Amino acid sequence: MRLRLALLGLVAAIAGIGFGQLVCRSAICHDAIGRLFGKGHLLALGQGCGIYETDLERALAEFQYVRGEDELGGKDQAQLKRSILSRLAANVIARHLAAGEKTPASEVDRELNVLQSQFRDGNAWKKALRESDLSEGSLRAMVGQELRSRSWIARQIASQLEVTTQECEQFFQDHPEPYFQPVRLRVSHLFLAAPPETPPEIVDFKQKAIASLSERIRRGENFPDLVGSASEDEATKTRGGDLGFFAAFRMPPDFFAAAVKMSPGQISQPVRTSLGFHIIQTMDLKPARQMTFDEAHADIRAALELEKRRVTLQKLEVDLGAQARIVRSFF
């Protein structure tokens, strides 16, 4: 009986005789249609759009893939499913409410170009579309829908994201620790790689090589020139080995310990770390100090805006999800 009703609903919608609105409101019809087309049981209904078991399964798989998690069990999985279902429902409601948003074709083109650029060539792109059961037209429609939703959501939360200078000042007073700058060094180095898996004979060869380079520097050869010709740090050799300013946590402990003892301009003897062999030249040193509010202001404002955005989006998601009707909760 339910299947017949679903089929009648589909025929009526196609024929345009007004039965479509009844179908949109009927959870029974949506459930039957979902099973008919292999989407499983209806789980939630929002603004005439159904969310089915396959939608939840796909969203759950994507969630776990992104986080590199194995399948959860028991209460943890049930709670996660409820959370994801609520988010899917909120997305359905947001898409409905965003239907009137204007999205320039140029923005859709840009998003599609970003997606396509991730594939090797046009053939790989078309193959990926086929494997996803998508056409370029259907994907374009989906991207447009997503952009309209983003635009609508941005308008809903814009007024709640303002951060005042007073809020920033209060945060700075209450949380001074993140804005304490430790000792920072600016160092150049000549580097020969010898990580732990390096064969002993190669380590021995590079140890002799670095000793030879150190002797050449002692005899007066130009340090940046030797870096350019001999260093194995491809990222810095073209700029004389300059590593820029860094604090202790960014470098191997033995490298930082050697560099911090040196005066600006001084060049070290060979230093071995877990990465290999270095000859270090300390260029500059900035002592530890507390940042001023003016220095920290931009970072604090960005952090507070990000937190306000997170909280506001979370509340909007809950409010939108509450507008959907959960029709099946069996987990």
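Among contacts in the chain between residues at least 6 apart in sequence, what percentage join residues at least 24 apart? The share is 66%, where a contact means heavy atoms within 4.5 Å.

**View 1. The whole chain, as a predicted model.** This is a predicted model, in which local features need pLDDT of at least 70 and side-chain atom pairs count only at pLDDT 80 or more, while totals for chains, interfaces and linings use all residues. Residues are numbered from 1 along each chain as its sequence is written, and side-chain values use heavy atoms, with hydrogens and water left out. The chain has 13 helices and nine strands, these being DSSP runs numbered from the N terminus (helices are H or I with at least four residues, strands are E with at least two). Of the 331 residues of the chain, 34% count as buried, a word that stands for under 20% relative accessible area, with exposed meaning over 50% and partly exposed lying in between (1.4 Å probe, protein chains only).

**View 2. The largest nonpolar core.** A nonpolar core is a set of buried Ala, Val, Leu, Ile, Met, Phe, Trp, Tyr and Cys residues joined through side-chain atoms within 4.5 Å. The largest one holds 13 residues, of which Ile 51, Leu 56, Ile 84, Leu 85 and Leu 88 touch the most other members. Two or more residues of this core are given by each of β1 (42–46), α4 (53–67) and α5 (74–97), and the largest share, six residues, comes from α5. When residues up to four places away in sequence are not counted, Ile 51 touches His 41, Leu 42, Leu 43, Ala 44, Leu 85, Leu 88, Ala 89 and Val 92. Leu 85 lies in helix α5 and counts as buried, at 4% relative accessibility. Leu 85 and Ile 326 are 241 residues apart in sequence, yet 8.9 Å apart in space, C-alpha to C-alpha.

**View 3. The largest pocket.** About 1200 Å³ of space lies in this pocket. On a 1 Å grid over the protein atoms alone, a pocket is an open set of points where a 1.4 Å probe fits, with protein on both sides within 12 Å along at least five of seven lines, and its lining residues have an atom within 4 Å of a point. Grid points are joined across faces, edges and corners, and the volume is the space filled by probe spheres set on the points. Of the 30 residues that line the largest pocket, Arg 58, Glu 62, Leu 88, Asn 91 and Arg 95 are the closest to its centre. The elements that give two or more residues to the lining are β2 (49–52), α4, α5, α6 (105–116) and α8, and the largest share, nine residues, comes from α5. By class, the lining has 14 nonpolar, six polar and ten charged residues, where Ala, Val, Leu, Ile, Met, Phe, Trp, Tyr, Cys and Pro count as nonpolar, Asp, Glu, Lys and Arg as charged, and the others, Gly among them, as polar.

View 4. Helix α8 (residues 136–157) has 22 residues and reaches 32 Å from its first C-alpha to its last, close to the 32 Å expected at 1.5 Å a residue, the expected span being 1.5 Å times one less than the number of residues. Its buried residues are Leu 139, Val 143, Gly 144, Leu 147, Ser 149, Trp 152 and Ile 157. Ile 153, also placed in helix α8, counts as partly exposed at 23% relative accessibility. Leaving aside neighbours within four places in sequence, Ile 153 is in contact with Leu 313 and Leu 316. In the loop between α7 (122–131) and α8 is Asp 133, which is exposed, with a relative accessible area of 71%. Most residues other than glycine have a negative phi, whereas Asp 133 has a positive phi of about 55° although it is not a glycine.

View 5. Gly 48 is found in the loop between β1 and β2 and counts as partly exposed at 22% relative accessibility. The C-alpha atoms of Gly 48 and Ile 93, 45 residues apart along the chain, are separated by 9.5 Å. Arg 272 lies in strand β6 (residues 271–272) and is partly exposed, with a relative accessible area of 45%. Apart from neighbours within four places in sequence, Arg 272 is in contact with Ala 194, Val 203, Asp 254 and Phe 277.
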